[in-house]
Amino acid sequence: MPKTSGGRNYEITELGKRIADEYPASLHIEQPPQPGSEEVVEEKEAEASPLVTEVQRLIADLEEAATDSQNPEHLERAVAEAFGFLGFSVDQLGETGDTDVLAQASIGPDSYTVIADAKARGDGRLHTLEVYTLKDHLRRNEADYAVVVAGSFSGGKVRRHAEDNGVVLLSVPVLGDWLRLHATTPLNLDQYLALFETPGLAEEIPLSVESAAESRQQWAHLL
């Protein structure tokens, strides 16, 4: 019997009846996965797995190379790979009288260049800092910032020399944290400048970099 609504009649046709019989209605409505749900987490892990695997390899290589004092080129190569992964244009120099790694951030008017000296030690700890050599490397390459990468750094004297002479001490653990952050939330090279602006021991990723990463993650969830 036709139904009446608002003074108008509606009646299903024979064709409509056959279609309704063949494709019965379902009350279940599939909802898209919500941010933070297990489905989204699993999907993101699957997408990120190649990057995560690469970062794990880079960090393991850095940790091994930091104590490979018989083969200093090992750490030079590992540091060059790490900076390349972070988005820098990298030249592994390592020649006598020159820096080990030259990393360039080509970002227009805000471009900057970093020299990175890699220091492998048997115990993984750097006890002395060759300040005059680093300054010479800066001049030779017309670079803006000087970084020394080692497994770790000894106490006050090395840190004070770095602070007084504009050198950043970047340990392998902090570099590893930086690589992990970049793998999950890559940022622009202008935002990574904060890692080079404060001389001395870089004990952790700068707050401004972490905040930028959190903001980008929030935008991704909103999208």
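**A chat about helix α4 and its surroundings**

Visitor: What do the buried residues of α4 pack against?

Guide: They pack against β4 (101-105), β5, β7 (145-150), α5 (156-164) and β9 (167-171). Keep in mind that this is a predicted model.

Visitor: OK, and which residues of α4 are buried?

Guide: In α4 the buried ones are V131, L134, H137 and N141. Seen down the axis of α4, these buried residues fall within an arc of 120 degrees, so they line one face of the helix.

Visitor: Which exposed residues sit on the face of α4 turned away from the buried side?

Guide: That face carries Y132, R139 and R140, which are exposed.

Visitor: What follows α4?

Guide: E142 does, and its phi is positive, near 50 degrees.

Visitor: Switching topic. How many cavities of 30 Å³ or more are there?

Guide: The count comes to one cavity of 30 Å³ or more. The volume of the largest cavity is about 60 Å³.

Visitor: Which residues line the largest cavity?

Guide: The lining is made of D117, K119, R121, L126, T128, L129, E130, T133, L134 and V148. The elements giving two or more residues to that lining are β5 (112-119) and α4 (131-141).

Visitor: Let me zoom out. How many helices and strands does the chain have?

Guide: There are seven helices and ten strands in the chain.

Visitor: And what share of the chain is buried?

Guide: Buried residues make up 37% of the 223 residues.

Visitor: What about contacts between residues 24 or more positions apart?

Guide: Take the contacts in the chain with a separation of 6 or more: residues 24 or more positions apart account for 58% of them.

Visitor: Can we look at a few single residues? Where is T185?

Guide: T185 is in the loop between α6 and β10 (200-202).

Visitor: Why does T185 count as buried?

Guide: Its relative accessibility is 4%, so T185 falls under the 20% cut-off for buried.

Visitor: What is T185 in contact with, leaving aside its neighbours within four places in sequence?

Guide: T185 is in contact with Y192, A213, R216 and Q217. Take Q217: T185 and Q217 are 32 residues apart in sequence, and their C-alpha atoms are 7.0 Å apart in space.

Visitor: Where does Q217 sit?

Guide: Q217 is in helix α7 (residues 207-222). With a relative accessible area of 34%, Q217 is partly exposed.

Visitor: Now S154. Is S154 buried or exposed?

Guide: S154 counts as buried, at 11% relative accessibility. You'll find S154 in the loop between β8 (152-153) and α5. Leaving aside its neighbours within four places in sequence, S154 is in contact with R125, L126, H127 and R159. L126 is also one of the residues that line the largest cavity.

Visitor: Last one: where is D177?

Guide: D177 is in helix α6 (residues 172-184). At 39% relative accessibility, D177 counts as partly exposed.

Visitor: How far is D177 from I59?

Guide: Along the chain, D177 and I59 are 118 residues apart, while their C-alpha atoms are separated by 9.1 Å.

Definitions and conventions: Residues are numbered from 1 along each chain as its sequence is written. This is a predicted model: local features need pLDDT of at least 70, side-chain atom pairs count only at pLDDT 80 or more; totals for chains, interfaces and linings use all residues. Side-chain values use heavy atoms; hydrogens and water are left out. On a 1 Å grid over the protein atoms alone, a cavity is a set of points where a 1.4 Å probe fits but cannot get out, and a pocket is an open set with protein on both sides within 12 Å along at least five of seven lines; lining residues have an atom within 4 Å of a point. Grid points are joined across faces, edges and corners, and a volume is the space filled by probe spheres set on the points. Helices (H or I, at least four residues) and strands (E, at least two) are DSSP runs, numbered from the N terminus. Buried means under 20% relative accessible area, exposed over 50%, partly exposed in between (1.4 Å probe, protein chains only). The arc is that of the directions from the helix axis to the C-beta atoms. Contact means heavy atoms within 4.5 Å.
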